[in-house]
Amino acid sequence: MGANNGKQYGSEGKGSSSISSDISSSTDHTPTKAPKNVATTEGLDSSTRTLSTPSPGLILPSKSSSLSSPALSSNGHETNSSSSSSAPAETVAVIHPQPGTHTRSRQKSHHLAPIDLLPDHTLLQVFSHLPTNQLCRCARVCRRWYNVAWDPRLWGTVRLTGELLHADRAIRVLTHRLCQDTPNVCLTLETVMVNGCKRLTDRGLHVVAQCCPELRRLEVAGCYNISNEAVFEVVSRCPNLEHLNLSGCSKVTCISLTQEASLQLSPLHGQQISIHYLDMTDCFSLEDEGLRTIASHCPRLTHLYLRRCTRLTDEALRHLALHCPSIRELSLSDCRLVGDFGLREVARLEGCLRYLSVAHCTRITDVGMRYVARYCPRLRYLNARGCEGLTDHGLSHLARSCPKLKSLDVGKCPLVSDSGLEQLAMYCQGLRRVSLRACESVTGRGLKALAANCCELQLLNVQDCEVSPEALRFVRRHCRRCVIEHTNPAFY
């Protein structure tokens with residue numbers, strides 16, 4: 001029986017060893033070998049591993065006054081309690097086995113490591129906090145850990161990181177192991193995060209698309225070797241995909257279904273993709289045509305981030321507003337070709353928009369802000385840093401129409417002054433975060449108005465502003481929880 005158990009463990013350890021070495025190759029160049037076969041004895045659970053050295057905390061010191069059963073002397077003869085009273089206090093008490101139980105197996109039960117005493121459900125809870133590579137290493141410790149580590153409940157998420165990681169091979173080995181119970185399909189895996197793995201290619205994403213039909217979240221940020229073909233296959237084969245992060249994937253130009261998937265869809269469903277969250281930051285190849293394709297295929301979008309997509313223009317935003325009316329968060333930071341006309345189209349997302357970032361969109365002026373103020377009354381967050389055409393007039397329209405504004409960044413807007421801040425203080429008293437960095441026209445008068453009316457203020461950035469220490473002390477007195485970021489050496 002012991003030989004059979006050892007053989008079975010050895011085969012399992014070899015498989016997990018291969019998986020662990022594939023996943024941790026970038027950080028561990030000397031992977032630990034799988035444990036050798038462990039001989040088991042009669043009376044012990046075959047899945048329990050014994051240690052050759054007992055734990056000091058598990059050794060029971062003998063007490064002659066409390067021992068009613070005879071002990072064994074060093075020569076093997078029985079002695080009574082009176083003769084054993086002179087033995088040293090460190091003598092180990094030997095508990096006699098029950099009838100029908102082997103003495104050696106009873107002794108080994110006291111030699112288990114403390115972690116081996118944990119029940120499986122507790123060990124499962126511990127393993128649930130480990131990253132993917134550490135979980136694979138735990139599967140190489142013993143057969144019991146192997147069985148617990150590969151419990152399907154631990155494999156709803158796979159996280160892989162590292163520039164030198166062979167991501168394609170790691171994904172192939174992992175999915176192969178997870179598909180053992182359900183051949184060719186992994187029904188438990190819902191989240192795959194492979195951020196910063198430069199060796200991830202289309203081959204790795206093809207494996208994900210083929211083996212993970214229940215995928216809901218995919219993050220491949222910084223994996224610049226993947227292309228449209230692999231992304232199309234993932235969104236076509238994973239109908240439940242809701243969260244897609246492609247930031248830094250410079251070869252991706254749009255999101256669409258494959259031609260085969262489009263032909264299989266019924267006219268009732270059209271060519272819709274169920275993605276709600278899409279991040280295409282730093283996708284430099286994204287152009288207007290690509291954004292039009294995204295808008296027509298992803299009508300359920302609620303969060304869209306297009307930071308530093310420098311080829312986008314106002315024309316593409318018209319299609320976005322027409323096909324994706326449910327967008328709540330939109331980032332167009334550093335899209336320098338976007339101007340007031342684009343903001344007018346964005347404002348057509350009437351009643352839904354809560355978060356808007358147009359930082360460093362230098363073509364935006366008060367005209368665009370008036371459209372936003374008019375059609376987006378529920379706006380909570382606005383980042384207009386570096387929009388040099390924004391003045392107090394645009395800020396006044398925003399303050400009067402968006403009373404629920406919580407966070408505002410108008411740094412590096414030289415035409416914003418105390419008058420605009422007074423309007424904000426009057427109508428947006430729920431403001432919590434305000435950045436006025438490098439606003440040259442802002443003085444202590446505007447800050448005092450903010451502090452007196454916006455008692456919930458938590459962050460105020462006035463770096464590179466000409467404000468007096470007295471005004472900063474006024475803010476600190478009236479907004480005690482506010483963190484003030486400044487460059488005034490006289491204020492402390």
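Q: Why is Ala 438 called partly exposed?
A: In this predicted model, Ala 438 has a relative accessible area of 21%. Buried would require a value under 20% and exposed a value over 50%, so Ala 438 falls in between and counts as partly exposed.

Q: Where is Ala 438 found, and what is its phi?
A: Ala 438 is found in the loop between β13 (433-435) and α16 (444-453), and its phi is near 65 degrees, a positive value in a residue other than glycine. As background, most residues other than glycine have a negative phi.

Q: How do you know whether Asp 334 is buried or exposed?
A: The relative accessible area of Asp 334 is 17%, and because buried means under 20%, Asp 334 is buried. Asp 334 is found in the loop between β9 (329-331) and α12 (340-346). Leaving aside its neighbours within four places in sequence, Asp 334 is in contact with Arg 308, Thr 310, Ala 359, His 360 and Cys 361.

Q: Why are α10 and α11 called roughly parallel?
A: The two helices pack at an angle of about 0 degrees, with their axes 9 Å apart. Angles under 35 degrees count as roughly parallel, and therefore α10 is roughly parallel to α11. On the α10 side the contact is made by Asp 288, Leu 291, Arg 292, Ala 295 and Ser 296, and on the α11 side by Glu 315, Ala 316, Leu 317, His 319, Leu 320 and His 323. By class, this contact has 5 nonpolar, 3 polar and 3 charged residues.

Q: Which residues of α11 are buried, and what do they pack against?
A: In α11, Asp 314, Ala 316, Leu 317, His 319, Leu 320 and Ala 321 are buried, and the buried residues of α11 pack against α10, β8, β9 and α12.

Q: How do you know that α6 and α7 are roughly parallel to each other?
A: Helices α6 and α7 pack at an angle of about 20 degrees, with their axes 8 Å apart, and because angles under 35 degrees count as roughly parallel, that description holds for α6 and α7. The contact is made by Asp 168, Ile 171, Arg 172 and Thr 175 of α6 together with Arg 203, Gly 204, Val 207, Val 208 and Cys 211 of α7, and by class it has 4 nonpolar, 2 polar and 3 charged residues. The crossing of α6 and α7 is left-handed.

Q: What makes helix α7 mostly covered?
A: Of the 10 residues of α7 (residues 202-211), 8 are buried, among them Leu 205, His 206 and Ala 209. The buried residues of α7 pack against α6 (167-178), β5 (217-219) and α8 (228-237).

Q: Why is α13 called roughly parallel to α14?
A: Helix α13 (residues 366-375) and helix α14 (residues 392-401) pack at an angle of about 5 degrees, with their axes 8 Å apart. Since the cut-off for roughly parallel is under 35 degrees, α13 is roughly parallel to α14. The contact is made by Asp 366, Met 369, Arg 370 and Ala 373 of α13 and by His 393, Gly 394, His 397, Leu 398 and Ser 401 of α14; by class, it has 3 nonpolar, 4 polar and 2 charged residues.

Key
Residues are numbered from 1 along each chain as its sequence is written. This is a predicted model: local features need pLDDT of at least 70, side-chain atom pairs count only at pLDDT 80 or more; totals for chains, interfaces and linings use all residues. Side-chain values use heavy atoms; hydrogens and water are left out. Buried means under 20% relative accessible area, exposed over 50%, partly exposed in between (1.4 Å probe, protein chains only). Helices (H or I, at least four residues) and strands (E, at least two) are DSSP runs, numbered from the N terminus. Contact means heavy atoms within 4.5 Å. Axes are lines fitted to C-alpha atoms, for helices over the stretch in contact, and angles run from 0 to 180 degrees between N-to-C directions. Angles under 35 degrees count as roughly parallel, over 145 as roughly antiparallel, 65 to 115 as roughly perpendicular and the rest as oblique. A crossing is left-handed if the near helix is turned anticlockwise from the far one by less than a right angle, and right-handed if clockwise. Ala, Val, Leu, Ile, Met, Phe, Trp, Tyr, Cys and Pro count as nonpolar, Asp, Glu, Lys and Arg as charged, and the others, Gly among them, as polar.
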